[in-house]
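Subject: Structure handover

Dear colleague,

I am passing on a structure that you have not worked with before, and I would be grateful if you could look through it alongside the notes below.

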Amino acid sequence: MLKAYAGQWCLITGASSGIGAEFARQLAVRGMHCVLAARREDRLRALAQELGAAHGTRCEIVSADLSQPRAGRELLAEVSQRGIAVELLVNNAGFGMVSSLDETDVARALELIQVNVAGLTELTLLAAKEMAHRGHGGIINIGSIVSFQPVGYMAVYAASKAYVLHFSEALWAELRAHGVTVTTLCPGTTRTEFFDQSGVPGWAERNRGQDVTSVVRTGLKAFDSGRHYVVSGWTNYLVSLAVRLATRATVVKSSMSVFRPRRP
Ligand SMILES: NC(=O)c1ccc[n+]([C@@H]2O[C@H](COP(=O)([O-])OP(=O)(O)OC[C@H]3O[C@@H](n4cnc5c(N)ncnc54)[C@H](OP(=O)(O)O)[C@@H]3O)[C@@H](O)[C@H]2O)c1
């Protein structure tokens with residue numbers, strides 16, 4: 001549970017675009033000061049200026065490459081050195097990978113696990129310890145609709161997001177008694193740069209992706225209610241339930257049609 005939004009600090013990873021940038025906007029509306037982290041500093045600087053001008057809130061930017069081991073620890077150390085206590089951590093940085101086995105870049109797959117899984121774990125554990133010690137604070141981790149099932153041709157990414165949901169729900173249960181809320185936001189297809197980075201450009205536009213405003217609003221509402229997870233959008237929610245009714249083999253086989261590479 002947060003002490004308050006207004007006047008407190010949040011740390012948002014992957015704030016240079018998409019869902020992360022929208023979290024910064026909606027949290028600044030609530031009066032939060034923001035630490036914005038990502039690799040593209042020019043984007044962070046522009047967002048910091050926008051938020052300061054619109055809301056009068058403070059912003060710090062930190063350049064961080066979470067694909068580097070220990071980057072999470074270093075990011076928190078940098079924030080602490082600036083005299084900032086993080087009341088809300090939003091672990092949003094992440095990327096996807098769609099490919100057939102033949103075309104899978106193994107180094108990129110391991111980078112994905114470092115950013116989506118290891119980096120998120122390091123940040124969550126270190127920040128949660130401090131928050132539990134203080135007796136207040138919150139963490140929002142970004143899962144996905146694919147947190148609920150394996151997905152053919154998106155094997156590594158879907159598995160990384162299953163980890164995020166399971167890990168975060170366990171901490172939600174453990175930390176409730178310590179005044180800390182851990183909520184996992186599971187978006188479905190959302191219109192951001194995600195699919196361009198994942199090897200299927202234009203996917204979100206072709207598949208009627210949600211806009212970031214409603215996705216982030218859903219996440220913050222669930223966090224305010226102390227929920228362990230939320231799926232953004234009713235259709236996505238129904239899909240997340242439907243996979244429990246079919247056999248695991250049926251679910252994973254039918255997932256193959258979504259990203260099956262088209263042969264010329
Ligand atoms: N869009 C969707 O359909 C969808 C659906 C479900 C879940 N999600 C999840 O939502 C989160 C945000 O994605 P998005 O849709 O907003 O995509 P996006 O627009 O591509 O944003 C991804 C963010 O992650 C950051 N990032 C990527 N690699 C990083 C690294 N090595 N170090 C630090 N930051 C890194 C990027 O910043 P820099 O490149 O500047 O470092 C960027 O700010 C991700 O966790 C994604 O898996 C997205």
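The notes below go through the sheet, the helices and the ligand shell.

This is a predicted model, in which local features need pLDDT of at least 70 and side-chain atom pairs count only at pLDDT 80 or more, while totals for chains, interfaces and linings use all residues. Residues are numbered from 1 along each chain as its sequence is written.

Seven strands form an open sheet with parallel pairing, in the order β3-β2-β1-β4-β5-β6-β7; helices (H or I, at least four residues) and strands (E, at least two) are DSSP runs, numbered from the N terminus, and two strands pair if DSSP finds at least two bridges between them. The edge strands, each pairing on one side only, are β3 (59-63) and β7 (229-231). Strand β6 (residues 180-186) pairs with β7 over three bridges in the parallel sense, and Cys186 stands opposite Val231 in β7.

As for the ligand, 31 residues surround it, of which the closest are Gly14, Gly18, Arg39, Arg40 and Gly94; a residue is near a molecule or strand if its C-beta atom, placed from the backbone, lies within 6 Å of it. Helix α1 gives the most to this shell, with three residues, and α1 and α6 (194-197) each supply at least two. By class, the shell divides into 11 nonpolar, 16 polar and four charged residues, where Ala, Val, Leu, Ile, Met, Phe, Trp, Tyr, Cys and Pro count as nonpolar, Asp, Glu, Lys and Arg as charged, and the others, Gly among them, as polar.

With best regards
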